Amino acid sequence: MSYTALYRKYRPDTFEDVKGQDHIVTTLKNQIRADRIGHAYLFCGTRGTGKTTVAKIFARAVNCEHPTDGNPCGSCAVCRDIAAGSSMNVVEIDAASNNGVDNIRQIREEVSYSPTEGRYRVYIIDEVHMLSIGAFNALLKTLEEPPPYVIFILATTEAHKIPVTILSRCQRYDFRRISIETIAARLHDLLRQERVDAEDAAVRYIAKAADGSMRDALSLLDQWIAFYLGDKLTYDPVLEGLGAADTEVFSRLLRAVLARDAAGCIRLLEEMIIQGRELGQFVTDFTWYLRNLLLVKSSDDMEDVLDMSAENLALLKEEADMAEPDVIMRYIRVFSELSGQLRYASQKRVLTEIALIRLCRPSMEASQDALIDRIISLEKQMENGLAAAELSVRQTEGAAMRTAPDGTQASARAAPVMPKAIPEDIRQVVKNWRSIIQELPGLVRSYLKSAHLSLGGDNKLMLVFDDDMAYTYITEGTRVQEITDSISRRIGKEVELQFEENVSASPFEESYIDLEKIIHMEIEVEDE
């Protein structure tokens with residue numbers, strides 16, 4: 001027997017099975033119970049919200065021999081014929097491919113004949129906005145004076161394209177986008193019936209990616225059940241499959257933007273592209289992340305509104321204190337515009353890079369919110385004071401320069417000298433570095449991935465950072481101890497760590513010993 005897609009297999013058979021459209025279901029059931037059935041209905045709404053499904057249930061219910069509380073019984077001959085698609089009383093028409101005047105004239109000829117079984121002849125016209133002007137005019141007369149046994153159900157995703165003369169003759173029902181909670185609950189129910197084990201975070205992300213469409217959610221779920229057949233459906237594989245990125249990536253990107261680090265933003269975008277992330281999805285998710293940031297900034301009572309873990313919420317609150325609301329709104333505006341541009345763009349990467357540079361360089365824009373961003377940046381510089389800026393310059397110059405014995409100035413760090421021997425515990429740490437940092441929290445892990453491993457004084461393991469933001473974050477609070485403890489748990493020994501920022505303009509390899517290159521490529525340095 002051939003496989004049936006989930007959205008077809010679990011298509012609702014009764015009004016009670018329809019999720020997220022209670023306002024429509026209740027009205028239609030009341031009409032059926034009271035026998036106050038209209039002659040023309042217009043079902044509007046985005047894709048996958050249940051328009052055609054509700055139309056089919058309604059068609060069965062009005063013709064059912066034994067309706068129960070407004071629902072079709074599903075067992076009488078009429079219900080079975082309609083469900084099987086063999087009934088002459090229910091006609092489905094795709095207006096996208098049958099949009100001419102002749103197609104509508106054929107309907108006008110058919111409606112002159114009363115139904116052979118049941119009470120009503122029901123015409124379901126899908127994507128009705130695709131009809132031509134002539135076809136709409138041909139339909140108008142039939143809608144105006146229909147036979148008492150004919151019901152028209154017009155379904156569309158673009159109600160604004162339908163002539164007013166047609167709209168005024170129909171009962172209009174607007175199908176809402178289905179909430180994430182409703183979709184997630186439905187997915188969990190289907191997963192139990194399919195006997196598939198799934199992580200709650202993965203299911204919720206699929207529900208979010210469906211953008212209010214139950215059919216899209218079921219299609220995505222079907223895809224990932226097939227891809228990871230027999231395995232538990234977890235969060236990370238779903239992210240990879242959808243071409244999406246994790247929250248920590250958005251956190252890193254936001255911090256780079258706030259630091260005006262355009263080069264860092266471009267490097268991060270390059271990482272996303274290499275990992276195969278889909279740029280349209282990346283931009284949409286980052287815009288959603290900025291929206292969450294603005295909500296946190298606006299109120300302290302947003303925990304119930306935001307769908308995220310306590311760890312990510314704490315990180316979001318920390319970042320909310322780093323940016324002003326006007327600045328965040330400018331970021332949202334720029335990325336919202338970008339999202340619309342990417343839909344039809346051939347150079348998506350270039351457009352995304354330009355948008356990131358615009359965020360980092362508000363001076364490039366003449367808009368009002370960009371001007372506010374520039375003013376806020378200048379105010380922060382003034383608050384820090386010229387004295388602090390001069391001290392920072394002196395510290396940087398002192399780190400980058402040293403006085404030679406003859407009184408001349410030279411680079412603070414001479415060319416690296418290969419060690420005669422590398423301690424065995426340091427070797428173990430370098431060899432297992434990637435797995436060691438996997439045990440650490442999200443943002444710490446991300447920053448440590450970009451750290452260089454070198455050998456410090458007294459045979460200490462030196463972690464060198466090219467990024468000032470990464471160096472500051474890692475060396476703050478208890479993070480150094482967390483890293484030390486993680487290393488100790490892995491190799492069974494305690495290793496002394498030394499943290500340093502590469503403040504020179506030269507690349508890391510010119511000023512430091514690259515332990516990863518030495519150890520992983522098995523380069524041995526022998527005694528002279």
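**View 1. Open sheet of three strands in the order E8-E9-E10.** The pairing within this sheet is mixed; strands are DSSP runs of E with at least two residues, numbered from the N terminus, and two of them pair if DSSP finds at least two bridges between them. Strand E8 (452–455) and strand E10 (497–501) form the edges, each pairing on one side only. On average, neighbouring strands of the sheet are turned by 30° against each other, direction ignored. The model shown is predicted: local features need pLDDT of at least 70 and side-chain atom pairs count only at pLDDT 80 or more, whereas totals for chains, interfaces and linings use all residues. Residues are numbered from 1 along each chain as its sequence is written, and side-chain values use heavy atoms, with hydrogens and water left out.

**View 2. Pairing of E8 with strand E9 (residues 461–465).** The two strands run in the antiparallel sense and are joined over four bridges. Ser-454 has Met-462 of E9 as its bridge partner.

**View 3. Crossing of helix H13 (residues 262–274) and helix H17 (residues 348–360).** The helix axes, lines fitted to C-alpha atoms over the stretch in contact, with angles from 0 to 180 degrees between N-to-C directions, come within 9 Å and cross at roughly 150°. H13 is therefore roughly antiparallel to H17, a term for angles over 145 degrees.

**View 4. Contact between H13 and H17.** Contact means heavy atoms within 4.5 Å. H13 contributes Ala-262, Cys-265, Ile-266, Leu-269, Glu-270 and Ile-273, and H17 contributes Arg-349, Thr-352, Glu-353, Leu-356 and Cys-360.

Terms used:
Angles under 35 degrees count as roughly parallel, over 145 as roughly antiparallel, 65 to 115 as roughly perpendicular and the rest as oblique.
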